[in-house]
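Hi there,

Here is the structure I promised to pass on. My notes on it follow below.

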Amino acid sequence: MPDPGSGEAPPEVGEKVLTILRWIAYLATAACVGGLLYTAAKMALAHRRGDDTNVSQLGWVFAACMLIGSASAVVSALI
């Protein structure tokens, strides 16, 4: 069975892939902030109406934020 090595990217491709991953990480972080703002606005409107049904949605947004924030650590642990 061949040895795949240490997983180094070719020089002409490696920087381009890192640039794409940086953009994805930036957009995912922006989506987390947007999701928190959206959920907070929905909770404020629901509270004004006397309804508290959006609390579970806030938990899902927090879970997504934690997963996005720790994505590189999770992948490093799995590899």
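Let me start with a question: are W23 and Y26 buried or exposed? W23 is exposed, and Y26 is exposed too; here buried means under 20% relative accessible area, exposed over 50%, and partly exposed in between, with a 1.4 Å probe and protein chains only.

Before the rest, some ground rules. This is a predicted model, in which local features need pLDDT of at least 70 and side-chain atom pairs count only at pLDDT 80 or more, while totals for chains, interfaces and linings use all residues. Residues are numbered from 1 along each chain as its sequence is written, and side-chain values use heavy atoms, with hydrogens and water left out.

The protein chain has three helices and zero strands, running α-α-α from the N terminus. Helices (H or I, at least four residues) and strands (E, at least two) are DSSP runs, numbered from the N terminus. Of the 79 residues of the protein chain, 11% count as buried.

Back to W23 and Y26: both sit in helix α1 (residues 11–49), three residues apart, about one turn of the helix. The count of aromatic pairs is one. The ring centres of W23 and Y26 are 6.3 Å apart and the planes are at 85°, so the pair is edge-to-face. For pairing, rings of Phe, Tyr and Trp (its six-membered ring) need centres within 6.5 Å; planes under 30 degrees apart count as stacked, over 60 as edge-to-face and the rest as tilted.

What about disulfides? The structure holds zero, a disulfide being a pair of cysteine sulfur atoms within 2.5 Å. The sulfur of C32 has its closest cysteine sulfur in C65, 3.3 Å away, which is too far for a bond. C32 counts as buried, at 11% relative accessibility.

Finally, the largest pocket. Residues of its lining include L18, L21, I24, I68 and V75. A pocket is an open set of points on a 1 Å grid over the protein atoms alone, where a 1.4 Å probe fits, with protein on both sides within 12 Å along at least five of seven lines; lining residues have an atom within 4 Å of a point. α1, α2 (55–69) and α3 (71–78) each supply at least two residues of the lining, and α1 gives the most, with six. The lining divides into eight nonpolar, four polar and no charged residues, where Ala, Val, Leu, Ile, Met, Phe, Trp, Tyr, Cys and Pro count as nonpolar, Asp, Glu, Lys and Arg as charged, and the others, Gly among them, as polar.

Best wishes
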